[in-house]
Amino acid sequence: MKVKELAQISDFGAITLPEGDRDIEGVYIGDLLSWVMGRARADDAWITIMSNVNVIAVASLSDVSCVIFAEGVMPEDSIVETATKKGINLISTSLSAYGTAVRLSEILK
Amino acid sequence: MSEALVFRFDVDGEDFTSAGQASVIVKRNLRQLGIDSEIIRRVSIAMYEGEINMVIHAGGGVAEVRVDEECIEIVLEDHGPGIKDIDKAMQEGYSTAPDEIRSLGFGAGMGLPNMKRHTDSLEIFSTVGVGTKIVMKVYNKVAS
């Protein structure tokens, strides 16, 4: 599924989608950035509640297809701007990390 | 690519939010050289962890990346406090990072283990009170 298609589904919303045509191949959940870099795979959707600027660097370096902010977390405008410039897709949801994973498991079948 | 290409960066120890810029530039440069994307991913993750370590522990340092046909070598050098117990530092989950760093999502004790995991070789030269030098190599599959 493409990132921009996920952003259209109820429970999810686009924050910025500079590369919305990227495919989601898997899912990773984590808030400790080094764990995410060590374990997330390229093209995963990354679910987190962290919203500082380092998230954008980690997303870029680990090459995930999008960052999904769970629990209604919204990053600051400056971070959204950085993500847009660096080609990092950001999606929001009010679901918990678990709820997001369950939903993705249904959608990505 | 007959001669080695060298990229050199000063890693600013004061600015935690800009840490990672050198890694992002390296990633872009390697992509322009047509290097395999999985190799790029490994190099940039290892280098980012190294950069973050230099910012957290050593007040910054110098990063150098050499690219030739066979291999990408990353050399990180700082004049920080040095690593007291390298074996411990290599264990996943062992960290001496302060709490404010943890609240940013770092300091999980995964930095050096991640660097080892993503590279083909990792050497650490460290003297307490003098500094640390780390040499990492990732072999370029495309050329072999």
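Is Glu38(B) buried, exposed or partly exposed? I looked it up and found Glu38(B) partly exposed, at a relative accessible area of 37%. My cut-offs: buried is under 20% relative accessible area, exposed over 50%, and partly exposed in between, with a 1.4 Å probe and protein chains only.

**Ground rules.** I am working on a predicted model, where local features need pLDDT of at least 70, side-chain atom pairs count only at pLDDT 80 or more, and totals for chains, interfaces and linings use all residues. Residues are numbered from 1 along each chain as its sequence is written, chains are lettered from A and ligands numbered from 1 in the order in which they are written, and side-chain values use heavy atoms, leaving out hydrogens and water.

**Entry: Arg41(B) and Glu38(B).** I find a salt bridge between these two, with the closest N and O atoms 3.6 Å apart. The rule asks for a side-chain nitrogen of Lys or Arg within 4 Å of a carboxyl oxygen of Asp or Glu. Both residues sit in helix α2 of chain B, three residues apart, so about one helical turn separates them. Helices here are DSSP runs of H or I with at least four residues, strands are runs of E with at least two, and both are numbered from the N terminus. Arg41(B) is buried, at 8% relative accessible area.

**Entry: salt bridges in chain A.** Over all chains, I get 14 salt bridges in the whole structure. One of them joins Lys2(A) to Asp23(A), at 3.9 Å between the closest N and O atoms. That pair is 21 residues apart: Lys2(A) lies in the segment before α1 (3-6), Asp23(A) in the loop between β1 (12-16) and β2 (26-29). Lys2(A) is partly exposed at 27%, and Asp23(A) is partly exposed at 34%. I also looked up Arg103(A), which bridges to Asp11(A) at 2.7 Å. Arg103(A) is in helix α5 (residues 97-107) and Asp11(A) in the loop between α1 and β1, so the pair ties together parts 92 residues apart in sequence.

**Entry: the A–B interface.** I count 21 residues from chain A and 22 residues from chain B in the contact, where contact means heavy atoms within 4.5 Å. The buried area is about 1800 Å², and carbon and sulfur atoms give 56% of it. Buried area is the accessible area (1.4 Å probe) that two parts lose on being put together, summed over both. Ser34(A), Met37(A) and Leu61(A) supply 33% of what chain A buries against chain B, more than any other three residues.

Which salt bridge do Lys27(B) and Asp63(A) make? Their side chains meet at 3.9 Å, N to O.

Entry: I place Ser60(A) in helix α3 (residues 54-62) of chain A. Ser60(A) is buried, at 11%. Leaving aside residues up to four places away in sequence, Ser60(A) touches Ile88(A), Val24(B) and Lys27(B). Val24(B) and Lys27(B) are among the buried residues of α1(B). The buried residues of α1(B) pack against α3 of chain A, and also against β1 (5-12), α2 (37-58), β2 (60-67) and β3 (71-78) of chain B. Just after α1(B), I note that Gly34(B) takes a positive phi of about 80°.
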